[in-house]
Amino acid sequence: MVQVYCRNSRTSGRYPEGTSLLQMLSDFDFEKPYPIVSAKVNNVSQGLKFRVYQSKDIEFLDVREPSGMRVYCRSLSFLLCKSAYDVFPGCKVYMEHPISGGYFCHLHKADESPLSDDDIKLLEARMKEIVASDMPFHRYDVQTDRAIREFRKRGYDDKVRLLESGGEPYTDYYTLGDTADYYYGKLVPSTGYLTVWGIQRYEDGMLLRVPDQSDPSRLAPSVAQPKTYSMFNEALRWNIIMGLSTVGDVNQACQQGRASELIQVAEALQEKKIVQIAEEIERRYHSEVPTRVVLITGPSSSGKTTFCKRLSIQLKACGLTPLSMSTDDYFVNRVDTPKLPDGSYDFDNFDTVDHALMESDIMKMLSGEEVDVPEYNFVTGLREYNGKKILLRPGCILLIEGIHALNPGLTSRIPEESKFKIFINTMTSTALDNHNWIPTSDNRLLRRIVRDYNKGAFSARESISNWPNVCAAEQKWIMPYQETADMMFNSAYLIEFAVLRNHAEPILRSVQKNCPEYSEAHRLLKFIHYFTPVPDKEIPQTSLLREFIG
């Protein structure tokens with residue numbers, strides 16, 4: 001017999017060795033407003049079919065918890081792929097990236113005919129049939145060579161390349177009926193769990209819609225994001241041209257000695273985009289109603305600081321004189337900072353910035369006045385005037401960087417035609433394989449963990465612990481304004497994870513197994529192991545990546 005402690009109910013039970021989590025679930029009495037889809041076992045994510053052979057701590061999860069949501073969305077992806085293969089034999093499905101409250105995907109039919117509304121209806125009907133049948137997902141743990149043979153037989157070359165380049169002796173894969181697939185995490189026990197989803201036409205593909213994390217009984221709101229979609233498309237187009245659509249492609253290129261070339265191409269692509277942005281700002285500066293203010297924002301660890309420096313260089317090359325300031329310098333004194341319900345300071349709140357004063361100063365600058373600009377002292381929590389002045393002479397353009405830079409309340413009195421708005425994000429366009437997308441936030445989280453640790457600011461555990469609060473603040477204060485940008489900049493780096501692996505691995509291993517943050521550290525460690533490591537010696541000192549790896 002083994003003893004199991006349930007964190008949800010704070011009670012224990014004894015079970016025969018080999019009892020599954022699913023068999024135990026009904027024995028523990030705790031509130032279950034939504035279906036349980038997975039669990040954490042000793043702080044490691046597991047599926048409900050996981051069998052216990054030693055004493056464990058268990059926490060059951062629904063879709064409101066990020067780990068549970070990932071399990072649900074992976075299972076939905078397999079449901080979609082299985083249904084597509086049943087309805088359109090010989091087709092290929094590409095699960096590409098999250099957008100508009102779901103996941104964008106392409107379906108290429110064997111006859112190469114375009115996807116129609118009737119096709120979507122047929123696909124949806126088959127998905128509903130499979131859900132109604134409560135078809136089980138079966139997991140197999142096999143030697144990697146056997147899994148490679150299985151996927152090669154089925155024509156899944158993307159999975160073959162991923163597994164061949166990974167170097168792992170054993171691999172697990174799943175089946176749903178007669179369809180086999182590979183996923184880098186656990187799935188729900190059966191399709192009957194997948195009751196909340198939707199599928200619709202979207203741009204030149206389709207959108208797989210998923211539950212709202214705050215209320216899993218309904219779909220996440222679908223918001224039009226044409227500019228975000230265009231940025232993803234641009235990155236995907238370059239990946240296809242270079243033959244680097246998946247991690248297996250990138251790994252093989254690195255193993256063939258092409259890492260230096262990929263670094264140079266990644267840098268060139270980013271610099272090309274920065275040049276385009278600078279040239280567009282120059283064009284608007286010389287227009288009938290000149291642009292005088294450039295507003296730059298983006299979520300945490302998107303690379304705003306380095307981007308601003310590189311944009312400034314390109315603006316100088318265009319004959320303009322950039323002058324910079326930050327919304328952070330207009331923070332109210334710390335004692336006046338808004339607070340969260342628990343009494344802690346809400347540093348991400350819009351009212352953390354003295355936006356009335358900041359807008360007044362910008363207006364004075366635009367009218368030709370020289371303005372004393374404050375600098376915020378993060379040690380004392382006070383706004384100070386240390387002699388910094390800004391005067392917008394002819395040829396000067398003002399760059400304002402900060403998380404609230406695109407919030408319309410910050411510059412409401414400044415004419416729209418005088419402003420140029422830039423949104424920076426990390427839109428990871430390379431997938432693990434055709435069915436496993438890489439969450440865009442993982443890119444930024446790994447950057448933040450490495451940077452915080454190297455600067456001695458926070459441990460990996462502290463960075464991971466604070467990340468949900470960071471993301472919640474971004475969704476409230478930053479992301480709603482990304483589609484208002486005049487231009488977007490994708491700061492994701494083609495082989496970034498391969499470079500970050502060497503830095504992140506020892507830092508993540510420092511998170512102890514008995515703390516809640518170990519679950520995320522364990523997941524990230526498994527994730528970065530998919531990438532062939534690349535040393536950072538050839539990363540230029542001006543690279544955006546240097547902001548994080550030093």
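Mentor: Let's get the ground rule down: two strands pair if DSSP finds at least two bridges between them. Strands (E, at least two residues) and helices (H or I, at least four residues) are DSSP runs, numbered from the N terminus. Bear in mind that this is a predicted model, where local features need pLDDT of at least 70, side-chain atom pairs count only at pLDDT 80 or more, and totals for chains, interfaces and linings use all residues. Residues are numbered from 1 along each chain as its sequence is written, and side-chain values use heavy atoms, leaving out hydrogens and water.

Now to S10 (137-143). Seven bridges tie S10 to S11 (residues 170-176), and the two run antiparallel. Zoom out and you have an open sheet of three strands, ordered S10-S11-S12, with antiparallel pairing. S10 and S12 (179-181) are the edges with a single partner strand each, so one side of each has no neighbour in the sheet. On average, neighbouring strands here are turned by 30° against each other, direction ignored. (Axes are lines fitted to C-alpha atoms, for helices over the stretch in contact, and angles run from 0 to 180 degrees between N-to-C directions.) Against this sheet packs helix H2 (residues 66-87), touching S10, S11 and S12, and its direction makes about 140° with that of S12. Touching here is contact, meaning heavy atoms within 4.5 Å.

There's another open sheet, with four strands in the order S8-S9-S14-S13 and antiparallel pairing. Its edges are S8 (92-99) and S13 (198-202), each pairing on one side only. Inside it, S9 (residues 102-108) and S14 (residues 205-209) pair antiparallel over four bridges, and Gly102 faces Arg209 in S14.

Next, the helix pairs. H5 (residues 157-166) packs on H7 (residues 247-255) at about 45°, with the axes 7 Å apart. That makes H5 oblique to H7; angles under 35 degrees count as roughly parallel, over 145 as roughly antiparallel, 65 to 115 as roughly perpendicular and the rest as oblique. H5 brings Arg161, Leu162, Glu164 and Ser165 to the contact, and H7 brings Val247, Gly248, Asp249, Asn251, Gln252 and Gln255. Sorted by class, that is two nonpolar, five polar and three charged residues (nonpolar: Ala, Val, Leu, Ile, Met, Phe, Trp, Tyr, Cys and Pro; charged: Asp, Glu, Lys and Arg; polar: the others, Gly among them).

With H11 (residues 440-454) and H13 (residues 496-508), the axes come within 10 Å and cross at roughly 50°, so this pair is oblique too. Among the residues making the contact are Leu446, Ile449, Val450 and Tyr453 of H11, and Phe497, Leu500, Ala504 and Ile507 of H13. The class count for this contact is nine nonpolar, three polar and three charged residues.

One last stop is a loop residue. Ser418 lies between S21 (396-401) and S22 (419-425). Ser418 is buried at a relative accessible area of 11%, where buried means under 20%, exposed over 50% and partly exposed in between, with a 1.4 Å probe and protein chains only. Apart from neighbours within four places in sequence, Ser418 is in contact with Val289, Pro290, Thr291, Arg292 and Val293.
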